[in-house]
Amino acid sequence: MRALGIFVLDSWVDALARKASLVVGLLIAVPLLLIAVALPVEPGSTPGTVRITLPWMIFLEEPGGPRPIDRELPVERFVRTVNTFVVGFVSGWGILMALFLTAGLLPRTLGRGQAEIVLSKPVPRWSVYLGRYFGAVTLFLGASLVVILAVAGILWGRTGFFSARAVLSVLLVNLVFAALYAWTCLLGLVSERSGLAVWGAVLVWLLCGFLGRVHTFYPDIAASPKLWVRVLGGVGEALYRVLPRTGDLADAALEVLWGRGLGWTEPIWATALSTLTLLSLSVLWFYRRDY
């Protein structure tokens, strides 16, 4: 376990040393800047409401020029709307930037000459592989928690309402990244190229989202009179069952954020099981591979 911790910390140092601090800084600064500067908030005319000025969204034409419209919203709705934007930013651009940032961790370790040096040390191979994996996952976890807690703190100071559900929502987003990064590590192990690893993970991400839509319409597909449609639908449904449920987890994150409750947990345990299976197979392959 000590070796695992060393490789996790080394992954942080490696990532941040390669101008990753700029990417992490953008991930943290963009939503905070928009919340702190571009979204002025004042107490509303009635208790439990806030007045917001949106000069960058809505304008009224008047003789004196465009004038921003003031709107009053319930505090809880306002806070959850802002958190929806932040969670959407983290689950979209945040994950994409993190994949590009950390995709090279394992391929650099397995590069020509580097693998022999690392693997010649008295450390188990699983600690090398999982150390790189958990290093990237914890880096994204730390950055995303900083973002959501900072935003929640700013909103709490301005409105007096704190949304703890935003933290749980971001944790679901981290499960999406953990699943995608398991594919990034496997593709990096196979190709030893970070570019192929990250683009392969993005393609898996897009495929999982597409399969989620196929699953939604699967009853209609299964009832199609055309055999090839039913066969392709069956293949898509089978892949949906074994691949990460990224689209479902994104929907679950929004449901949690808006206080509706999960109601179902299948996407969580199905994605976790898929990720653990992929990691196990990857570590086994890494053990048997000759360098």
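**View 1. Cavities in the predicted model.** The count comes to 2 cavities of 30 Å³ or more. This is a predicted model. Rolling a probe the size of a water molecule over the atoms shows where empty space is left. The second largest cavity holds about 50 Å³ of space.

**View 2. The lining of the second largest cavity.** Sorted by class, the lining has 6 nonpolar, 3 polar and 2 charged residues.

View 3. N174 sits in helix 6. Its relative accessibility is 7%, so N174 counts as buried. The cut-off for buried is under 20%. The side chains of N174 and S144 are joined by a polar contact of 3.0 Å. Neighbours within four places in sequence aside, N174 is in contact with V137, F140, L141 and S144.

**View 4. Confidence along the protein.** The average pLDDT of the protein is 79. At least 70 is the score for 72% of the residues. Confidence is highest in helix 6 (residues 165–191), at a mean of 92. Confidence is lowest in strand 3 (residues 59–60), at a mean of 44. Over residues 56–61, pLDDT stays under 50. For residues 56–61 the model has 12 contacts beyond four places in sequence.

Terms used
Residues are numbered from 1 along each chain as its sequence is written. This is a predicted model: local features need pLDDT of at least 70, side-chain atom pairs count only at pLDDT 80 or more; totals for chains, interfaces and linings use all residues. Side-chain values use heavy atoms; hydrogens and water are left out. pLDDT is the predictor's confidence in each residue, from 0 to 100. Helices (H or I, at least four residues) and strands (E, at least two) are DSSP runs, numbered from the N terminus. Contact means heavy atoms within 4.5 Å. On a 1 Å grid over the protein atoms alone, a cavity is a set of points where a 1.4 Å probe fits but cannot get out, and a pocket is an open set with protein on both sides within 12 Å along at least five of seven lines; lining residues have an atom within 4 Å of a point. Grid points are joined across faces, edges and corners, and a volume is the space filled by probe spheres set on the points. Ala, Val, Leu, Ile, Met, Phe, Trp, Tyr, Cys and Pro count as nonpolar, Asp, Glu, Lys and Arg as charged, and the others, Gly among them, as polar. Buried means under 20% relative accessible area, exposed over 50%, partly exposed in between (1.4 Å probe, protein chains only). A polar contact is a pair of N or O atoms within 3.5 Å; within protein, one must be able to donate a hydrogen and the other to accept it, and residues adjacent in sequence count only if both atoms are side-chain atoms.
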